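Trainee: I have just opened this one and would like a walk through it. Could you take me through it step by step?

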Amino acid sequence: MAENTAMDKEERQLERFVREHGEDGATFAPTSVEEAIGGSFVETDEIESIQDRVRNWLDVPRPVHIVGPTGCGKTALALSIAAARDQPVVWVNGDELIDTGSLVGEHAGKAQYKERDNFVRGVMKKKSIIRDRWVDNPLSVAVQNGATLVYNEFSRTKPAAHNVLLSVFEEGVLDRPGQRGENRIVEVDSDFRAIF
C-alpha cells in the first residue's frame, strides 16, 4: 500500500509539472530542483552518491539508465539531476505507442501559401505553393538545443523505436527518417545528455 501511495504521489507531481510547463509536455526548463520535482527533494548520503555517479556519466558524456522498483524515486532523481545542469530539459514518457516518428519528428500535413499579384490593374496573377510541414518531436528538439532528455518509462517502448538512438550516441548525428534533403541529418549539440 505504501509503495502505491508513493508511486501515485510521484505521478501526480509529474503530471502537475508537465501541465504547468507546456500543454504537450515536450519541452520545459525548470528553474530549480524543487520546481522540477514538485516539492522538496530529500538528499541523503546514499542519494548524493547516486547523483554523483549519474553526473559523472553525464560529464563523460554517456547516457544513463536508472533502474529500480516502482515508486522508489527514479523520476524525481532524474528530474533533479537534469534541472541542476542549467540546460533545458525535454521530457518523453515512453509507452507501447511510441515509435521513431514520435521521438524524432514527422510530417504533419501540408502547409499552403497563396500569393496574389495585382501589380498591373486588371491583371491578376495567382500562385499557390503547397509544402509538407515537418514537426520536430522531443529527441530532435533535445539534440538541436543541447537539452537534457529525460525519457521516463524507457523500457515500456518497443525496442525498434530506439534504433535512432545508436547514431545519436555513437556518431553524434541524428538521422531523421521521413525528412528529406539536407535537413535529414542533424548534428547533436555538445551539451545534449540523456537520462533513461
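Mentor: Let us settle one word before we start: a residue is called buried when its relative accessible area is under 20%. Please also keep in mind that this is a predicted model. By that cut-off, phenylalanine 154 and phenylalanine 196 are both buried.

Trainee: How are the rings of phenylalanine 154 and phenylalanine 196 placed, stacked or tilted?

Mentor: Their centres are 4.4 Å apart and their planes stand at 50°, so this pair is tilted. The pair links distant parts of the chain, since phenylalanine 154 sits in the loop between E5 and H7 while phenylalanine 196 belongs to the segment after E8, 42 residues apart.

Trainee: How many aromatic pairs are there?

Mentor: The count comes to five aromatic pairs. Another one joins tyrosine 151 and phenylalanine 196, whose ring centres are 5.8 Å apart with planes at 50°, so that pair is tilted. Tyrosine 151 lies in strand E5 and phenylalanine 196 in the segment after E8, so the pair ties together parts that are 45 residues apart in sequence. Ring pairs also link Tyr151, Phe154, Phe169, Phe192 and Phe196 into a cluster.

Trainee: What does histidine 162 touch?

Mentor: If we leave aside neighbours within four places in sequence, histidine 162 is in contact with Leu103, Tyr151, Phe154 and Thr157. Its place is in the loop between E5 and H7, and its side chain is joined to that of tyrosine 151 by a polar contact of 2.9 Å. Histidine 162 is buried, with a relative accessible area of 13%.

Trainee: Moving on to the nonpolar core, which residues touch the most other members?

Mentor: In the largest nonpolar core, which has 22 residues, these are Leu103, Leu139, Val143, Leu149, Leu174 and Phe192. Strand E2 (89-93), helix H5 (100-104), helix H6 (138-145), strand E5 (148-152) and helix H7 (163-170) each supply at least two residues of this core. Apart from it lies another core, of 13 residues, among them Leu77, Leu79, Val89 and Val150.

Trainee: And what does phenylalanine 192 touch?

Mentor: Not counting residues up to four places away in sequence, phenylalanine 192 touches Leu139, Ala142, Val143, Gly146, Ala147, Leu149, Val168 and Phe169.

Trainee: Why is helix H4 said to be largely enclosed?

Mentor: Nine of the eleven residues of helix H4 (residues 74-84) are buried, so the helix is largely enclosed by the rest of the structure. The buried residues of H4 include Leu77, Leu79 and Ile81. After H4 comes aspartate 86, whose phi is positive, near 60°.

Trainee: What about charges, how many salt bridges are there?

Mentor: The count comes to four salt bridges. As background, side chains of opposite charge can pair when their charged atoms come close. One of the bridges joins arginine 176 and aspartate 136, at 2.5 Å from N to O. Arginine 176 lies in the loop between strand E6 (173-175) and strand E7 (185-187) and aspartate 136 in strand E4 (residues 125-136), so the pair ties together parts that are 40 residues apart in sequence. Arginine 176 is buried, with a relative accessible area of 5%, whereas aspartate 136 is partly exposed at 29%.

Trainee: How far apart in helix H3 are arginine 55 and aspartate 52?

Mentor: They are three residues apart in helix H3 (residues 45-59), which means they are separated by about one helical turn. Arginine 55 is partly exposed, with a relative accessible area of 31%, and aspartate 52 is partly exposed with 42%.

Definitions and conventions: Residues numbered from 1 in each chain as written. Predicted model: local features only at pLDDT ≥ 70, side-chain atom pairs only at ≥ 80, totals over all residues. Heavy atoms only, no water. Core = buried A, V, L, I, M, F, W, Y, C linked by side-chain atoms within 4.5 Å. Buried < 20%, exposed > 50% of the residue type's maximum accessible area, 1.4 Å probe, protein only. Helix = DSSP H or I, 4+ residues; strand = E, 2+ residues; numbered from the N terminus. Contact = heavy atoms within 4.5 Å. Salt bridge = Lys/Arg side-chain N within 4 Å of Asp/Glu carboxyl O. Polar contact = N/O pair within 3.5 Å; in protein donor to acceptor, adjacent residues only side chain to side chain. Phe/Tyr/Trp six-rings, centres within 6.5 Å; stacked < 30°, edge-to-face > 60°.
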